[in-house]
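Please look over the model below before reading the notes on its helices, loop and charged pairs.

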Amino acid sequence: MTPNDQNDVPDIETLTAHYQELNKRKIESERDLVNAEKNLDELKQQALTDYGTDNLEELKEKLEQIKAENERKRAEYHQTLGKIEAELANIETEHQATDTP
């Protein structure tokens, strides 16, 4: 090492502080990983309970089926409301016809 290189090397206290910060981040990352894995396991169990599978592709397919069913029901509901409106309009027309002398 040349004398100039020695000036670029931090002192032991700086290196120790840097090590401690990195070690703290490592411990936090490991804790976060354990929590994420636990959360994933809980979600997989919930998916198995609710949908009978924890397979991502199967869950995506089920989601698409649910969306399609919801869309069908929404369209059916809209059609039913249209029929009700038409019936009400007919009743109002009949009522107005009987009210006029």
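This is a predicted model: local features need pLDDT of at least 70, side-chain atom pairs count only at pLDDT 80 or more; totals for chains, interfaces and linings use all residues.

Helix 3 covers residues 56-99, which is 44 residues. At 1.5 Å a residue it should span 64 Å, and its end C-alpha atoms are 64 Å apart, so the two values agree.

The N-terminal end of helix 3 is capped by Asn-55. A side-chain oxygen of Asn-55 lies 2.9 Å from the backbone nitrogen of Glu-57.

Thr-53 sits in the loop between helix 2 (12-51) and helix 3. With a relative accessible area of 7%, Thr-53 is buried, because the cut-off for buried is under 20%. Leaving aside residues up to four places away in sequence, Thr-53 touches Ala-47, Leu-48, Glu-58, Leu-59 and Lys-62.

The side chain of Thr-53 also reaches the backbone nitrogen of Asn-55, at 3.0 Å. Asn-55 is in turn the residue that caps helix 3.

## Salt bridges

Side chains of opposite charge can pair when their charged atoms come close. The structure holds 8 salt bridges. One of them joins Glu-30 and Lys-26, with the closest N and O atoms 3.3 Å apart. Glu-30 and Lys-26 are 4 residues apart in helix 2, so about one helical turn separates them. Glu-30 is partly exposed at 40% relative accessibility, and Lys-26 is also partly exposed, at 46%.

The relative accessible area is 32% for Glu-69, which is partly exposed. Arg-72 is partly exposed at 41%, as is Lys-73 at 45%.

## A nonpolar surface patch

Which residues form a nonpolar patch on the surface? They are Tyr-77, Leu-81, Ile-84, Leu-88 and Ile-91, and together they have about 500 Å² of accessible area.

Tyr-77 is located in helix 3. Its relative accessible area is 57%, and Tyr-77 is exposed, because exposed means over 50%.

Terms used. Residues are numbered from 1 along each chain as its sequence is written. Side-chain values use heavy atoms; hydrogens and water are left out. Helices (H or I, at least four residues) and strands (E, at least two) are DSSP runs, numbered from the N terminus. The expected span of a helix is 1.5 Å times one less than its number of residues. A polar contact is a pair of N or O atoms within 3.5 Å; within protein, one must be able to donate a hydrogen and the other to accept it, and residues adjacent in sequence count only if both atoms are side-chain atoms. Patches are made of residues with over 30% relative accessible area and no salt bridge: like charges are joined within 9 Å, nonpolar side chains (Val, Leu, Ile, Met, Phe, Trp, Tyr) within 5 Å. Accessible areas come from the Shrake-Rupley method with a 1.4 Å probe; for residues, only the protein chains shown count as cover. A salt bridge is a side-chain nitrogen of Lys or Arg within 4 Å of a carboxyl oxygen of Asp or Glu. Buried means under 20% relative accessible area, exposed over 50%, partly exposed in between (1.4 Å probe, protein chains only). Contact means heavy atoms within 4.5 Å.
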